[in-house]
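Biologist: I have a structure to go through with you. Shall we take it piece by piece?

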Amino acid sequence: MARRVADGVETGDGPLDVVAKWNVMVGAINANFAEIYPLRAAATLDFASIAAGSAAELTVTVTGASAGKPAIASPAAGIEAGLVWSAWVSAADTVRIRVANVTAAAIDPASRAWSVVAFP
């Protein structure tokens, strides 16, 4: 059974079917939206100490992710103050997470679980 989200409630398992209350006009584009679903992965990442004003990068394997497609990464717990992050699909099956230190002092981030969502 496919997962289904309707009125904010998720049921089932498998690929996600989203029931939305929108009217969509596509015009000349012939797309099968049922084939576009998010891919998910989780990993524990331990970034080394990040110097002031610099960044560090680690990767997570997300099977099926396509280079150039969007990705979202989120730490499972709050991250140290002064750190910001971004994520993108850098190569097939690979999401790269960059954590930047925007402070004037080095920060050694704690090892923590990350959740990643990417698209095929």
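Biologist: For residues 22-26, how many contacts beyond four places in sequence does the model have?

Modeller: This is a predicted model, and over residues 22-26 its pLDDT stays under 50. Where pLDDT is low, the predicted coordinates should not be read in detail. For that stretch, the count of contacts beyond four places in sequence is 1.

Biologist: What is the mean pLDDT of the protein chain?

Modeller: Of the residues in the chain, 70% reach a pLDDT of 70 or more. The mean for the protein chain is 83.

Biologist: Which residues have the most contacts inside the largest nonpolar core?

Modeller: That core has 21 residues. Beyond its neighbours within four places in sequence, Val62 touches residues including Leu39, Val95 and Val116. The residues with the most contacts inside the core are Val62, Val95 and Ile97.

Biologist: Is Arg112 buried or exposed?

Modeller: Arg112 lies in strand S9. Its relative accessible area is 11%, and the cut-off for buried is under 20%. Therefore Arg112 is buried.

Biologist: Which side chain does the side chain of Arg112 join in a polar contact of 3.2 Å?

Modeller: Leaving aside neighbours within four places in sequence, Arg112 is in contact with residues including Ala43, Pro75, Ile79 and Glu80. The polar contact of 3.2 Å links the side chain of Arg112 to that of Glu80.

Biologist: In S9, which residue is the bridge partner of Pro75?

Modeller: Pro75 belongs to the covered face of S6, along with Ala71 and Ala73. S6 and S9 run antiparallel and are joined by 5 bridges. The partner of Pro75 in S9 is Trp114.

Conventions
Residues are numbered from 1 along each chain as its sequence is written. This is a predicted model: local features need pLDDT of at least 70, side-chain atom pairs count only at pLDDT 80 or more; totals for chains, interfaces and linings use all residues. Side-chain values use heavy atoms; hydrogens and water are left out. A nonpolar core is a set of buried Ala, Val, Leu, Ile, Met, Phe, Trp, Tyr and Cys residues joined through side-chain atoms within 4.5 Å. Buried means under 20% relative accessible area, exposed over 50%, partly exposed in between (1.4 Å probe, protein chains only). Contact means heavy atoms within 4.5 Å. Helices (H or I, at least four residues) and strands (E, at least two) are DSSP runs, numbered from the N terminus. A polar contact is a pair of N or O atoms within 3.5 Å; within protein, one must be able to donate a hydrogen and the other to accept it, and residues adjacent in sequence count only if both atoms are side-chain atoms. pLDDT is the predictor's confidence in each residue, from 0 to 100. Two strands pair if DSSP finds at least two bridges between them.
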